[in-house]
Structure formats: structure tokens, C-alpha cells
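Reader: Hi! Could you walk me through this one before I set anything up?
Author: Happy to, here it is.
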Amino acid sequence: MTSDEIRASFLEYFRKNRHAIVPSASLIPAGDPTLLFTNAGMNQFKDVFLGIGQREYTRAVDTQKCLRVSGKHNDLEEVGYSPSHHTFFEMLGNWSFGDYYKQEAIAFAWELVTELWQIPKERLWATIYLEDDETEKLWLQETDLPLSRIRRCDKDNFWEMGETGPCGPCSELFVDMGVDAYPETANDPDAGPNTSDRFREFWNLVFIQYNRNEDGTLEPLPATHVDTGMGFERITSILQGVDSNYKTDLFTPLLTTIADMTDTAYFDDERGLPHRVIADHIRCLTFAIGDGVMPSNEGRGYVIRRILRRAVLYGKKLEINEAFIYRLVDNVIELLGDVFPDVLPRREFITRTIQGEEHRFHQTIERGLELLDRSFDTLKEQNGTQVDGKRAFELYDTFGFPLDLTQMLARERGFTVDDVGFENSMEAQRSRGRAAWDARGGAKDEEISVYAEVLKEHGETEFVGYTQNNIDAEIV
Ligand code: ATP
Ligand code: MG
Ligand code: MG
Ligand code: MG
């Protein structure tokens, strides 16, 4: 099956089971100050779970654009290394708003996965929340999953979107990638979900029943709900019989283009890290900018700027010294534009925005890298381990290196960065900025006196704007 067919079959399966197909929400959560970016399919239904909003339907299904680059769910550092973690990904999901609960959610999941998609049953595992006997009983009753492949877990099986918000115990589905690929697990009697990458999580069934309050307490919700999230790129890799999301038809066209554009070969191993990171980041940039996030120095915009600069840096590892990532926007839109059509009219805008950002960063990156290299050399000579916070700040302030970029480069060479020192320098600059601002307040008087002198010398100017403009208007 192609990825498009897989997505369509998910939506169609739930549509047949009386779920309304709804569009993806924006990556910028609407009216939710607790969240920087949409990180799960359920975000757009938060008000329904809390009992303060309503929809015309009680069952829904969709594919949701998600970003996991900040807050409680942040996978940025994993990107390129992990075969199944992205910054931007699609989350397939089905929901019940006070309609069906655990039993049907499990029955639907099992039927879709084992009958429609034919994933061999012996490869499947489930996890449940510690004391959730009811869910265990339902797996045994509704499916033919044996008890030996059900694991009880603590932290991974209580799902929360952030510090506050709707949450509850969950039950996850994992697929066994096979002992051959993970021989170290062969004789481990405990091998199972959450113990080894051999077991890949692909679907989370969350049983929403609480709200986490700001003081940390759990408050039961007026009704119980089902919220599921399935990583679309992951299920695609499983159904296409490959061991990495990057080997699916969602990524191979991008990786091929990147290899062509940079005149390099792509490899599945660490040599292909730059290609994978760039492929990941351009998807993220395309949709984040498409949803209205502009690269900037704060908040969402700074997260996006950091991701873009990371991509530029990986481009440099492929010896690309000029803007080129923007040229991949077309490829991303070709792959996903039909699914998220909001992006279509913004193609040109997204392309130009990325190109401009790339171009500006290229102007300083070389000198920044040289400076950092000198720091590394000095550290080595002096047997030091940590890059000075002042130097990290200089890289940030003068050369546009976000702290995490410097940290990433330092880590590659076995060093750390003094982030406390970085913050101190940042704070010192802020107070200098404030002082300069106050001084400008004084300068205001100065400006006034300059104006007074001009007045004395030339007399009052006569304001003729209205009349002249009227004349112009009439001529036109
Ligand atoms: P993992 O343990 O693999 O990090 P998770 O438990 O953090 O995943 P959930 O919050 O349960 O993920 O999200 C639901 C599903 O979304 C996951 O089962 C997975 O298939 C998918 N998913 C989660 N994070 C990512 C990511 N960074 N990139 C791609 N897919 C993801
Ligand atoms: Mg995770
Ligand atoms: Mg998990
Ligand atoms: Mg999970």
C-alpha cells in the first residue's frame, strides 16, 4: 500500500464506523496559551473533553499535523538518529466524545490492524496502565492477544498533553521488529515494549477521564472519552515492511532530491544523518510557516528559526554554502499538499521566507564556525570540557547561532556548553539594552531642543498636505 492508501484506509475504516472525518487543525493551537505547537490530534478537541465545548458529532477521525519540538513532548534531538521520531509528523486518530469507551476502542484497533491491514498477530504487543485491570480484561475478551504479550507500565501509560489539560490512562500497541535485527534481546526474558527499540510503539489509545489542574491535582471529567493517536509515518513503515520511516514513500522522494541537489549519495547509516535531518526539518518548516509562524527571535518564531538554522548547518556538512533548502518546499507540497490544502496558496510565501532566512544565516555561519573551532582547539590544549558561556553568547548574538546549535556542535566534539554563563551574558545584555532605552528617554529632550533650533533658524513650516493632496486627487 502507498502511504496515501494507508491514510485513506484509516479514515475510511472509521468513517464506516460512523466517525465524522474532520480536517487537521493548524499547528498553532487555537486559543490555548498552554501549548506552543499542536503536539497531538486531541488538542483541537480539548474543550470537548473538558465539557466546555461541543461538536455536531460524537465520533471523529482525522490526520493531524503535529510538531514535537518544545514543552512536554520534544523529540528534536532524536531527529535523524531515531528511525521513527520527527519534528513534524502526522497523527492519525479516532475519537469518542462521551460515546464509546475502552471496549470499542480496543475492538476497532484490533480489527483494523489485524484484519484490514493484516499485521501478523504474533508480532503485536500491548501495554496498559499499572492498575488498569479492566483494560487487560478487554484485550483478552475482545482480541486474541495472549496475556504474555500484555505489559503493565507506569509513566508511559498515563498520557498528558502538557503540564495541564485532559489526560488519562492509556493502552499502546507495539509491533515486534524481530529478534534478528536486535540479537541482544534474544535471551532476555523481559524483552518487550519499552525495554528495547525492537518493540516499536505505533498506536496509543488514551482513555481520557481527568483534567490535570495547575496545582497538579487530577479532577475527574464530566464524561469519559476515547482519544487515539497513531504515528502515520510509523504505521506506513510497518505496512511497507521497512524498518525506518525514512524508507517509506513519505521520505524517499525527499531524500533522493536532497542527494541530487547536494551531489552526494544517501546512506541509511550515520552518513545519511544530514539528509534525514534536512528532510525532516523542511517538512516542519513548510507547514509551520504555512500555518503562519514567522522565523523570529522569540516564542514560536524562534523555535522555527532554530530548526531552520539546524538544517542549514547540516547542509554545510554536505558542503552546501548557499541557500538551497527552500527549493525542497515544492517537493513537500507535492507529497502532502492534497492532504493539507491550506498550504497550497502559501507555497511562494513559504519558499521566499525560507530562502531569505537561509541566505542571511549563510552570511555569518562560516565565521561563527571558525570561532567555535578556535574554542574547541583551546579547550583541547587546556584539557577543558566546557565551552565558555560568553563565547556561546557571542556566537548567538553576532553570528546567529542558537544555543542548542552550539550545544549540538560541542557535543559532536565531546564538549559541553556553559549554559548558565550563556544566560548570564544574555541577561547582562538585556540590562544594557534597558539602560540604553532609559538613556534614549533622556535623548528625547535633546531631540526637542534640536527641533527648537531648526524652528528658530527657518521659521514654522506651513502644512499644505490636505490641499495639495486634494489637487493631486483631482488630477488623478
Ligand atoms: P515514543 O514513545 O515513540 O516517543 P510517544 O509515546 O511519545 O512515542 P504518543 O504521545 O503516545 O507518543 O503519541 C502517539 C503516537 O504518535 C505514537 O504512538 C507514535 O506512533 C507517534 N509519534 C509520537 N512521537 C512521534 C514523533 N516524534 N515522530 C513521529 N511519530 C511520533
Ligand atoms: Mg515520545
Ligand atoms: Mg511512548
Ligand atoms: Mg505513547
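Predicted model: local features only at pLDDT ≥ 70, side-chain atom pairs only at ≥ 80, totals over all residues.

Reader: Thanks! How many helices and strands does the protein have?
Author: There are 14 helices and 13 strands. The C-alpha trace spans about 95 × 65 × 50 Å along its principal axes.

Reader: And what share of the residues is buried?
Author: Of the 476 residues, 40% are buried.

Reader: On to the ligand. Which residues are closest to ligand 1?
Author: Asp75, Phe89, Asn204, Gly229 and Gly231 are the closest, out of 16 residues that surround ligand 1.

Reader: Which element gives the most to the shell?
Author: That's β10, with four residues. β5 (88-96), β11 (218-231) and α5 (232-239) are also among the elements that each supply at least two.

Reader: Switching to α1: which of its residues are buried?
Author: Ser3, Ile6, Phe10 and Phe14. Seen down the axis of α1, these fall within an arc of 60°, so they line one face of the helix.

Reader: Nice. What does that buried side pack against?
Author: The buried residues of α1 pack against β2 (59-67), β5 and α5. Two of these, β5 and α5, also supply residues to the shell around ligand 1.

Reader: And which exposed residues sit on the face turned away?
Author: Glu5 and Lys16. Just after α1, Arg18 takes a positive phi of about 65°.

How values were computed: Residues numbered from 1 in each chain as written. Chains lettered and ligands numbered in written order. Near = placed C-beta within 6 Å. Buried ≥ 20, exposed ≤ 12 C-beta atoms within 10 Å, placed from the backbone. Arc of directions from axis to C-beta. Contact = placed C-beta atoms within 7 Å.
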